[in-house]
Amino acid sequence: MTDQDMRSETHAAADDTVLPAGAIWSYCNSSAMRRAARHLGQLYDDAMGDTGLKGTQFSLLSQIKLSGEPTVKALATSMVMDISALGHTLKPLIRDGLVELVPSTTDRRVKHVLLTAEGAAKQEELTQRWQVAQARFEAVFGEARAKELRGILDFIGSEEFGRAYRAGGTGDES
């Protein structure tokens, strides 16, 4: 499809406003990814149902579980978040007794993030709901394509990609 073809097509927005196909997500990688992430995030949030938590909070609980007792810094790095954003995200989980911050035994300035027993139980409950969302996604998108997409997104989210991008390097253009 040429740029002219994209500009001549239209898409209906939720409020029936007609947007040109050349809208920002049609040609900007970042905008397209953010739009898709917001949409998919909403679908996964819906899958969490009436649990009181969102998909992003499930992801955080799951990362804590997978990491054992990560430091705040290590958790932020694995979630590709800055420490202040992570702190903001952790506050309701701490308030609700799902997560706790515990000082390191070797350096009291370092805090470890731990799931409480209630947090571990909530993570297990949400895992079942997540599995349903995952199955629905793969049924619509295709299992092989979903696996390929995760691989691509893992690369984009990697430090390797970030370093190459900041250096102005070129990637695989095939």
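The structure is a predicted model, in which local features need pLDDT of at least 70 and side-chain atom pairs count only at pLDDT 80 or more, while totals for chains, interfaces and linings use all residues. Residues are numbered from 1 along each chain as its sequence is written, and side-chain values use heavy atoms, with hydrogens and water left out.

The secondary structure comprises 8 helices and 4 strands. Helices (H or I, at least four residues) and strands (E, at least two) are DSSP runs, numbered from the N terminus. Read from the N terminus, the order of elements is α-β-β-α-α-α-α-β-β-α-α-α. The chain has 174 residues, of which 22% are buried. Here buried means under 20% relative accessible area, exposed means over 50%, and partly exposed lies in between (1.4 Å probe, protein chains only). Contact denotes heavy atoms within 4.5 Å. Of the contacts between residues at least 6 apart in sequence, 44% join residues at least 24 apart.

In soluble globular proteins, nonpolar side chains tend to be buried together. A nonpolar core is defined as a set of buried Ala, Val, Leu, Ile, Met, Phe, Trp, Tyr and Cys residues joined through side-chain atoms within 4.5 Å. The largest such core holds 16 residues, and Leu-90, Leu-93 and Val-99 touch the most other members. Two or more residues each come from helix H3 (55-67), helix H4 (72-78) and helix H5 (83-95). H3 supplies the largest share, 4 residues. Leu-90 touches Leu-60, Ile-64, Val-99, Leu-101 and Val-113, with residues up to four places away in sequence not counted.

The loop between H4 and H5 contains Val-80. Most residues other than glycine have a negative phi. Val-80 is not a glycine, yet has a positive phi of about 55 degrees. Val-80 is exposed, with a relative accessible area of 65%. Met-81 is also found in the loop between H4 and H5. Its relative accessible area is 25%, so Met-81 is partly exposed. Beyond residues up to four places away in sequence, Met-81 touches Ala-76, Leu-86 and Thr-89.

Helix H2 covers residues 29-47. Ser-31, Tyr-44 and Ala-47 are the buried residues of H2. Their cover includes helix H6 (117-141). Just after H2, Gly-49 adopts a positive phi of about 60 degrees.

Ser-104 sits in the loop between strand E3 (99-103) and strand E4 (111-115). Its relative accessibility is 6%, so Ser-104 counts as buried. The Ser-104 side chain makes a polar contact with the side chain of Thr-106 (3.1 Å). A polar contact is a pair of N or O atoms within 3.5 Å; within protein, one must be able to donate a hydrogen and the other to accept it, and residues adjacent in sequence count only if both atoms are side-chain atoms. The side chain of Ser-104 also reaches the backbone nitrogen of Asp-107 at 3.4 Å. Apart from neighbours within four places in sequence, Ser-104 is in contact with Val-110 and His-112.

Rings of Phe, Tyr and Trp (its six-membered ring) pair if their centres lie within 6.5 Å; planes under 30 degrees apart count as stacked, over 60 as edge-to-face and the rest as tilted. The count is 4 aromatic pairs. The Phe-137 and Phe-141 rings have centres 5.1 Å apart and planes at 35 degrees, so this pair is tilted. Both residues lie in helix H6, 4 residues apart, about one turn of the helix. Phe-141 is partly exposed, at 25% relative accessible area. The rings of Phe-161 and Tyr-165 are stacked, because their planes are at 25 degrees, with centres 6.3 Å apart. Phe-161 and Tyr-165 both belong to helix H8 (residues 159-166), again 4 residues apart. Phe-161 is partly exposed at 28% relative accessibility, whereas Tyr-165 is exposed at 63%. Ring pairs join Phe-155, Phe-161 and Tyr-165 into a cluster.

Arg-145 lies over the face of Phe-141, at 4.1 Å from the ring centre. A charge sits over a ring if NZ of Lys or CZ of Arg is within 6 Å of the ring centre and within 35 degrees of the ring normal.
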